Amino acid sequence: FMAGKKLFVVSKHNDDTSGSFVAVLRLHDEQGYPFKLDISIFYTLNEDGFSIRVNATNVNGNGKPLPFFMGWHPYFNCTSYTSVVAFDDHTQWNHVQLNANMDPTGITEKTWLFDGKSPIGGNNTNPTFYDDEFKSLGSGLGFKGARTKLYDTDTEQTVVLWQDEFFNFVHVFTGNVEGVAIEPMSGMADAYNNHDGLAVISDGETWSGNFGIYVE
């Protein structure tokens, strides 16, 4: 419901070592989403990389909860077919199975895709195509969040996408010869219907999640 909406900057700060700003959006009784949700997004760039914190607050005012999930869709500039994607090996990853309409079926299967050992593959005009979602199951040992690495063999540069324990899904898209999309998601695609990863925010409660990128 945020796609195409205008956010408003309410504060900003910068100095010699960092820059940050906060943008807000109110989603109140949108068509198909009959709730009142206030969203604040905190953007920070410093020597540790670029990070985003999202606060989503239920302001219904009538005691009723609301459902919420979100994703971020960054593209990383690279030569996609020779680049290598490596999922975090501290957690098990399951591949989300889809039906003919590209909707999740509810079935997930353990996967060893994107183990960092092989490039995406294909060629410079047709990289191996992925438009696939994966779920982190966690280690059960107090491990929180995950880090996904993208290594560009042409530039020998590695970019790391990190996400906290409130973002347990990653979507990988390789349908662009000049980049790869690696997308942190707080819920499975179509979570409003399948409920996997869907947050339920009580009236007056704030959900908060964090993710970001840095260069190794």
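The questions and answers that follow concern salt bridges and the accessibility of the residues that form them.

Visitor: How many salt bridges does a search of the whole structure find?
Guide: This is a predicted model, and the pairs discussed below, such as Glu30 with Lys5, come from its computed atoms. When the whole structure is searched, the number of salt bridges found is five.

Visitor: With which residue does Glu30 form a salt bridge, and in which part of the chain does that partner lie?
Guide: The closest N and O atoms of the pair Glu30 and Lys5 are 3.4 Å apart, and this counts as a salt bridge because the cut-off is 4 Å. The pair links distant parts of the chain, 25 residues apart, with Glu30 in strand β2 (residues 18-30). The partner is therefore Lys5, in the segment before β1 (8-14).

Visitor: Is Glu30 buried, partly exposed or exposed?
Guide: Buried would require under 20% relative accessible area, and exposed over 50%. Glu30 has a relative accessibility of 24%, so the residue counts as partly exposed.

Visitor: What is the N to O distance in the salt bridge between Asp29 and Lys36?
Guide: Asp29 is partly exposed at 46% relative accessible area, and Lys36 is partly exposed at 28%. Their side chains meet in a salt bridge with an N to O distance of 2.8 Å.

Visitor: Which strand holds the salt-bridge partner of Asp196?
Guide: Asp196 forms a salt bridge with Lys135, the closest N and O atoms being 2.9 Å apart.

Note on methods. Residues numbered from 1 in each chain as written. Predicted model: local features only at pLDDT ≥ 70, side-chain atom pairs only at ≥ 80, totals over all residues. Heavy atoms only, no water. Helix = DSSP H or I, 4+ residues; strand = E, 2+ residues; numbered from the N terminus. Buried < 20%, exposed > 50% of the residue type's maximum accessible area, 1.4 Å probe, protein only.
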